[in-house]
Amino acid sequence: MNAELRRVVEELRSTVATRDEWRMLNSLPAGARPEDIWTGLPAPIREFLSATDGATCGDVTLFNAATVDSMQFYADPVDGAAVALGREEWFCPGVISDEPFFLSRSTGSVWYFPDTGVEWWMSSVFEKVADDFTTFFLEWVSGPEYLRLTGSEPEEQWPELLRQVGRPQG
């Protein structure tokens with residue numbers, strides 16, 4: 001696993017533990033045991049789950065090892081959807097404000113449906129947010145692009161926590 005990603009996860013985990021309000025809404029638990037991580041997961045997700053068994057980072061939730069496989073219904077094609085998905089090409093590692101984001105199985109890039117005022121599956125706006133999962137986590141979940149990704153306000157808990165640990169803000 002990327003050493004920087006592991007370092008940031010550990011730093012965030014220890015900082016979350018310092019304040020009750022941060023612990024109530026955020027979580028970066030210990031990593032899952034290797035035997036509990038489904039071998040069919042994309043490698044970056046397996047590596048992430050070995051560092052933290054899922055995570056709640058403000059408005060971003062990354063599924064844990066016990067539930068990630070059952071959440072792949074998000075990648076199923078939806079009749080009438082503007083963007084055609086499918087489990088062969090797309091993997092859903094979590095949600096942003098309760099709407100799924102996806103990892104391309106062929107390229108490793110991370111994609112999402114930005115808020116356009118319609119249900120995610122009805123949107124024709126499907127954007128690449130990062131070239132890989134590590135960049136997604138470091139730049140978009142725990143870095144300067146978090147507010148843009150989620151539409152959150154700078155005074156909310158997760159951005160405050162990111163400032164506390166010296167993570168760059170957009």
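## The loop residue T52

T52 counts as buried at 0% relative accessibility, where buried means under 20% relative accessible area, exposed means over 50% and partly exposed lies in between, with a 1.4 Å probe and protein chains only. This residue lies in the loop between α3 and β1 (55–57), helices (H or I, at least four residues) and strands (E, at least two) being DSSP runs numbered from the N terminus. Not counting residues up to four places away in sequence, T52 touches V9, R13, L28, P29, A30 and G31, a contact being defined by heavy atoms within 4.5 Å.

The model is predicted, with local features needing pLDDT of at least 70 and side-chain atom pairs counting only at pLDDT 80 or more, whereas totals for chains, interfaces and linings use all residues. Residues are numbered from 1 along each chain as its sequence is written, and side-chain values use heavy atoms, with hydrogens and water left out.

## Packing of α1 against α4

Two packed helices are described by the angle between their axes and the distance between the axes. Helix α1 (residues 3–16) and helix α4 (residues 133–141) have axes that come within 10 Å and cross at roughly 40 degrees, the axes being lines fitted to C-alpha atoms, for helices over the stretch in contact, with angles that run from 0 to 180 degrees between N-to-C directions. The helices α1 and α4 are therefore oblique to each other, given that angles under 35 degrees count as roughly parallel, over 145 as roughly antiparallel, 65 to 115 as roughly perpendicular and the rest as oblique.

The crossing of α1 and α4 is left-handed, a term used if the near helix is turned anticlockwise from the far one by less than a right angle, with right-handed used if clockwise. On the α1 side the contact is made by E4, L5, V8, V9 and L12, and on the α4 side by T134, F137 and L138. These residues of the contact of α1 with α4 divide into six nonpolar, one polar and one charged, where Ala, Val, Leu, Ile, Met, Phe, Trp, Tyr, Cys and Pro count as nonpolar, Asp, Glu, Lys and Arg as charged, and the others, Gly among them, as polar.

## Packing of α1 against α6

The axes of α1 and α6 come within 10 Å and cross at roughly 115 degrees, and α1 and α6 are therefore roughly perpendicular to each other. This crossing of α1 and α6 is right-handed. The contact involves L12, T15 and V16 of α1 together with W158, L161, L162 and Q164 of α6, and its residues divide into five nonpolar, two polar and no charged.

## Aromatic pairs

The structure holds 14 aromatic pairs, where rings of Phe, Tyr and Trp (its six-membered ring) pair if their centres lie within 6.5 Å, and planes under 30 degrees apart count as stacked, over 60 as edge-to-face and the rest as tilted. One of them, formed by F101 and F136, is tilted, at 4.8 Å centre to centre and with 35 degrees between the planes. F101 lies in strand β4 (residues 99–104) and F136 in helix α4, so the pair ties together parts that are 35 residues apart in sequence. F101 is buried, with a relative accessible area of 0%, and F136 is buried, its relative accessible area being 0%.

The rings of F113 and W120 have their centres 5.4 Å apart and their planes at 55 degrees, so this pair is tilted. Both F113 and W120 are buried. Ring pairs link F73, Y74, W90, F102, W111, F113, W120 and F126 into a cluster.

Most residues other than glycine have a negative phi, and most peptide bonds are trans. In the loop between β3 (90–96) and β4, S97 has a positive phi of about 50 degrees although it is not a glycine, and S97 counts as partly exposed at 37% relative accessibility. D98, placed in the loop between β3 and β4, is likewise not a glycine and has a positive phi of about 70 degrees; D98 is exposed, with a relative accessible area of 66%.

S152 is found in the loop between α5 (146–150) and α6 (157–164) and is buried, with a relative accessible area of 7%. Its C-alpha atom is separated by 8.7 Å from that of G58, which is 94 residues apart from S152 along the chain. Not counting residues up to four places away in sequence, S152 touches D59, Y146 and L147. P34 is in the loop between α2 (20–25) and α3 (43–51) and is exposed, with a relative accessible area of 66%.
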